[in-house]
Amino acid sequence: MTNWDRFLETFFNAKMMARYLPDILQGALVTIQIAGLVIVCGLLLGLALALLRSIGLRPLNLLIVFVVDLFRALPPLVIIVFIYFGLPASGVKNWGFIATWLSLTFVLMAFSEEIFWAGITSIPKGQWEAARSTGLSFGQTLINVVLPQALRLTIPPLTNRTIAITKGTALASVVAVGEILGMASSAVSNSYNPSPLTMAAIGYLILFLPLVVFGRWLETRMAWKR
Amino acid sequence: MAARPVVEARGIHKHFGAHHVLKGVDLVLAERELAFVIGPSGSGKSTLLRCLNRLEEPSSGSVMVDGVDMLDARTDLNHARQRVGMVFQSFNLYPHMTALGNVTLALRKVAGKSSAEADALGQSALARVGLADRAGHTPGQLSGGQQQRVAIARAIALEPRVMLFDEPTSALDPELVGSVLAVMRDLRQSGMAMVVVSHEMGFARNAADRVLFMDQGLIVEEGTPAQIFESPAQERTRAFIGQIQKH
Ligand SMILES: Nc1ncnc2c1ncn2[C@@H]1O[C@H](COP(=O)(O)OP(=O)(O)O)[C@@H](O)[C@H]1O
Ligand SMILES: [Mg+2]
């Protein structure tokens, strides 16, 4: 057997791959579920916090900044483990899934709040003044004038950050969630063959490469033309 | 008996922290009147205009527009602001909307017009400023002069009782100034009451009823264009007029 054959036998073992493909697919489904929930909830919460912050109530803003900085400073894995083992709800069904979902949601909320906020504050004061001078309220100005411009500016950094955080779904394997990496790891320990890991890597590529390409496309399309 | 003034601002003071920027300014504007405000940079001209629609909160004094107390907490300020059109030096058009979208936004959101009504009113406002054929253009596709005219259309579409212009031509290339002044002259002829802060003395001479000279937060002197430009009573006014006429 040549080295090349041995390499294929180890990492691209067809029998192993066929045997564990259903597991990996099932894991991919879980990954997609967590990722989808995290993206939707994280971005909505981040936007909500940025909007609250734009109202300009000093104590509220201090609280928002504190929460945001907290979740930006802590490693996501620490948050997951903390929620998984630390909160009294452990024992709840699918608690690992929920802990991962909550943790990554908070992290994305924190990072996206900062990005949304930067977008909102980058809109010139004259835009607010022109709109308010025609009788638009604060909220109407925010929704119709400021946000559409701000969101356009935020899309490139937001896409990159969202992808980076969503990849953190792999951390769920640590708290016994059967997502792609979790499934692959247990397959490896059952089969003594790393081929399932190869499948996991390919699975991640299939899931995330389109997102990365999509982000790149958005970035060029959203280049601001004045 | 004189008719009720369109704008009646009395004893306006404005402090920015320790900085006393307006020191008791009165401004009364009659129907169809055009008041032209001149004065050195930093004398408080913009702040005065911005106190009239409460973009800036006066520290004290009173502001009545068309009989509505702009400073009364019970006044629906957003509603009252439709009665006061404002045009800015930097146009401040919404870059993500077409010219028509810029003009119709407040018609829909504040005046409560349907999209069809707003579009019709917006089109006629754009026609008044000579830009009927630019309705679908975004600000980025328009010249500075055209952008400023869209900004004027955005304000007049709401049928204000008074229009405030804060250096409307200062950001424009010289060859584009004329088109904006022409629109302002038309507005004036239609009987719009206007307060204009500007350095366009030619426009003041043939369109202004009254010229007000501001310095250090006070109206130092006011009179007809001929009085102020030809024979100012105050030394400060004379010095300022002499200075700008050198250019
Ligand atoms: N928002 C603000 N905060 C602090 N100072 C201000 C503000 N706006 C204007 N000022 C000050 O008030 C003075 C008058 O300004 P302004 O009304 O813009 O003058 P003008 O329009 O005559 O040039 C200036 O000294 C300016 O620095
Ligand atoms: Mg000014």
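Trainee: Which residue forms a salt bridge with A:D69?
Mentor: A:D69 forms a salt bridge with A:R72, and their closest N and O atoms are 3.4 Å apart. A salt bridge here is a side-chain nitrogen of Lys or Arg within 4 Å of a carboxyl oxygen of Asp or Glu. Please note that this is a predicted model, in which local features need pLDDT of at least 70 and side-chain atom pairs count only at pLDDT 80 or more, while totals for chains, interfaces and linings use all residues. Residues are numbered from 1 along each chain as its sequence is written, chains are lettered from A and ligands numbered from 1 in the order in which they are written, and side-chain values use heavy atoms, with hydrogens and water left out.

Trainee: How many residues apart are A:D69 and A:R72 in the helix?
Mentor: They are 3 residues apart in helix α3 (residues 58-73) of chain A, so about one helical turn separates A:D69 and A:R72. Helices (H or I, at least four residues) and strands (E, at least two) are DSSP runs, numbered from the N terminus.

Trainee: Staying with the interface, how many residues of chain B are in contact with chain A?
Mentor: On chain B, 22 residues are in contact with 19 residues of chain A, where contact means heavy atoms within 4.5 Å. The two chains bury about 1700 Å² between them, 59% of it on carbon and sulfur atoms. Buried area is the accessible area (1.4 Å probe) that two parts lose on being put together, summed over both.

Trainee: Which three residues supply more of the area that chain B buries than any other three?
Mentor: B:Y94, B:P95 and B:H96, which supply 29% of the area that chain B buries against chain A.

Trainee: Changing topic, what is the strand order in the open sheet of 4 strands?
Mentor: The order is β2-β1-β4-β5 (chain B), with antiparallel pairing. Two strands pair if DSSP finds at least two bridges between them. The edge strands, each pairing on one side only, are β2 (19-29) and β5 (68-69) of chain B.

Trainee: How many bridges join β1(B) and β2(B)?
Mentor: β1(B) and β2(B) pair over 8 bridges in the antiparallel sense, and B:F16 stands opposite B:H19 in β2(B). Their hairpin has 2 residues between the strands, and B:G17 takes a positive phi near 60 degrees there. Strand β1 (residues 7-16) also pairs with strand β4 (residues 60-65) of chain B over 5 bridges, again antiparallel. In β4(B), B:S60 is the bridge partner of B:H13, and B:V63 is that of B:A9.

Trainee: Which helix lies across β1, β2 and β4 of chain B?
Mentor: Helix α1 (residues 45-52) of chain B does, running at about 60 degrees to β2(B). Axes are lines fitted to C-alpha atoms, for helices over the stretch in contact, and angles run from 0 to 180 degrees between N-to-C directions.
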